[in-house]
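Please look over the sequence and the model shown here before reading on.

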Amino acid sequence: MAPAADRQGYWGPPTSTLDWCEENYAVTWYIAEFWNTVSNLIMIIPPVFGAIQSVRDGLEKRYIASYLALTVVGMGSWCFHMTLKYEMQLLDELPMIYSCCIFVYCMFECFKTKSSVNYHLLFTLVLFSLIVTTVMYGMLVFTLVVRSIYIVTWVYPWLRGLGYTSLGIFLMGFLLWNIDNIFCDSLRNFRKKVPPIIGVTTQFHAWWHILTGLGSYLHILFSLYTRTLYLRYRPKVKFLFGIWPVILFEPLRKH
């Protein structure tokens, strides 16, 4: 974590219970942790377009909610790292719980009839989100991972690439997050000795945002692909500008 010697800025002294390894107000007086803030754009902009496209395609509301939930996570994290205020910290942490609940619901409902609603699962996830603790949050992520592995391994093995890629990217981000926490002092000393363009590449908490944002986005695509395939659509993964994956699909041709 960051030491208390960090400079002050527009938002005043931090009141959050966490202050990450990035030097505070090092880039601009208006943003406490610049790179940890702007790295959230990957969780804000692409999911907004995904939600808009889902509305246009008439997809089930759960997938619109998934995209919007990821956007809310990105916005909450943006506000937290920009201000380092306790109120914004809650806005960062709580949406993570709710978005994971939505992701879990989508995964468990992939093979149900169209527009079906599982009220028992909904009640369980809502109750979980109200009484969640740190340990329970880990159990929720574990459930999501196990369900994803089950689908790519036994149900649609040809989806392994997309499913395992999303999980792998997420785990890589988690690894960098831990490195950022454990070796913070060493990373800070290293940044003082190298040019800024090199030092910024060691902002591993920002990389955590980028990789988990991408991994979460790919997970939504994986869930959506699985669902539309089950509903007998013809989903296709396309790459905008040759780099950014999206799903386009058409109804099954009538014979």
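Predicted model: local features only at pLDDT ≥ 70, side-chain atom pairs only at ≥ 80, totals over all residues.

Q: Is Asp180 buried or exposed?
A: Asp180 is found in helix H7, which covers residues 160–182. Its relative accessible area is 1%, and buried means under 20%, so Asp180 is classed as buried.

Q: Leaving aside neighbours within four places in sequence, which residues is Asp180 in contact with?
A: Contact is taken here as heavy atoms within 4.5 Å. With the neighbours within four places in sequence left aside, the residues in contact with Asp180 are Cys21, Leu187, Arg191, Thr202, Phe204 and His205.

Q: With the side chain of which residue does the side chain of Asp19 make a polar contact?
A: An unreviewed UniProt entry lists Asp19, Trp20, Glu22, Asn24 and Glu33 under "binding site". Asp19 lies in the segment before helix H1 (34–38), and it counts as buried at 14% relative accessibility. The polar contact made by its side chain, at 3.0 Å, is with the side chain of Asn24.

Q: Which element gives the largest share of the lining of the second largest pocket?
A: The second largest pocket holds about 410 Å³ of space, and of the 23 residues that line it, the closest to its centre are Pro46, Phe49, Gly50, Leu240 and Val246. Two or more lining residues come from each of helix H2 (45–56), helix H10 (204–230), strand E1 (233–240) and strand E2 (244–251). The largest share, eight residues, comes from H2.

Notes
Residues numbered from 1 in each chain as written. Heavy atoms only, no water. Helix = DSSP H or I, 4+ residues; strand = E, 2+ residues; numbered from the N terminus. Buried < 20%, exposed > 50% of the residue type's maximum accessible area, 1.4 Å probe, protein only. UniProt positions renumbered as here; feature names shortened; annotations may be inferred. Polar contact = N/O pair within 3.5 Å; in protein donor to acceptor, adjacent residues only side chain to side chain. 1 Å grid on protein atoms, 1.4 Å probe; cavity = no way out; pocket = protein on both sides within 12 Å on 5 of 7 lines; lining within 4 Å. Points joined across faces, edges and corners; volume = space filled by probe spheres on them.
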